[in-house]
Amino acid sequence: MSANIRENLWYSDEHEWVLDLGDGTVKIGISDVAQHRLGDIVFVELPDLGTEVEAQDGIGTIESVKTVADLFTPVSGTVLEINAELEAAPELVNEEPYDGGWMVRIQLREDPAAAFSKLMDAKAYAEFLER
């Protein structure tokens, strides 16, 4: 399996991705690698709007035909938006992990550079996957 790793994203070692929206907010989802490992996604549980989260906190679960996995946030902040489409169409996580399958939008609590300093860029994530 060749992984689809996007250059403009930051990655966690739990296989979440973070997209900097440039306005102090980020979108978070799971990587192409993660959705492949999980298999067919059948249910996604996401946090309530306004939830305050710390980096590495669990913010929901992803259920596939094979397993249930926790979803973690790689950054600290406040949940501003959840992808409500996933309630009716959880398969979007499999079909479009970086587009329609995003999970949450978070208002960062810290400066983006500080938040992303703990994450991997695309090159580092690709190397991480090879270990």
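**Close-up views of a predicted model**

**View 1. Strands S6 and S7 sit side by side in a sheet.** Ile62 has Ala69 in S7 as its bridge partner. Strands here are DSSP E runs of at least two residues, and helices are H or I runs of at least four, numbered from the N terminus. S6 and S7 are antiparallel and share 5 bridges. Two strands count as paired if DSSP finds at least two bridges between them. The open sheet holds 3 strands in the order S4-S6-S7, paired antiparallel. S4 (41–45) and S7 are its edge strands, each pairing on one side only. On average, neighbouring strands of this sheet are turned by 25° against each other, direction ignored. The axes behind that angle are lines fitted to C-alpha atoms, and angles can run from 0 to 180 degrees between N-to-C directions.

This is a predicted model: local features need pLDDT of at least 70, side-chain atom pairs count only at pLDDT 80 or more, and totals for chains, interfaces and linings use all residues. Residues are numbered from 1 along each chain as its sequence is written, and side-chain values use heavy atoms, leaving out hydrogens and water.

**View 2. Lys66 lies in the loop between S6 (58–64) and S7 (68–72).** An unreviewed UniProt entry lists Lys66 as "modified residue: N6-lipoyllysine". Such annotations may be inferred rather than shown by experiment. Lys66 has 58% relative accessibility, so it counts as exposed (exposed is over 50% relative accessible area, buried under 20%, partly exposed in between, with a 1.4 Å probe and protein chains only). Leaving aside neighbours within four places in sequence, Lys66 contacts His36, Arg37, Leu38 and Gly39 (heavy atoms within 4.5 Å). A polar atom of the Lys66 side chain lies 3.0 Å from the backbone oxygen of Arg37.

**View 3. Tyr11 and Tyr125 form a stacked aromatic pair.** Their ring centres are 4.2 Å apart, with 5° between the planes. Rings of Phe, Tyr and Trp (its six-membered ring) pair if their centres lie within 6.5 Å; planes under 30 degrees apart are stacked, over 60 edge-to-face, and the rest tilted. Tyr11 is in strand S1 and Tyr125 in helix H5, so the pair ties together parts 114 residues apart in sequence. Both Tyr11 and Tyr125 are buried. Tyr11, Tyr125 and Phe128 make up one aromatic cluster.

**View 4. Strand S8 pairs with S5 and with S9.** S5 (residues 52–53) and S8 (residues 77–82) are antiparallel, joined by 2 bridges. Glu52 has Thr78 as its bridge partner in S8. Thr78 also has a bridge partner in S9, namely Gln107.

Definitions and conventions. Polar contact = N/O pair within 3.5 Å; in protein donor to acceptor, adjacent residues only side chain to side chain.
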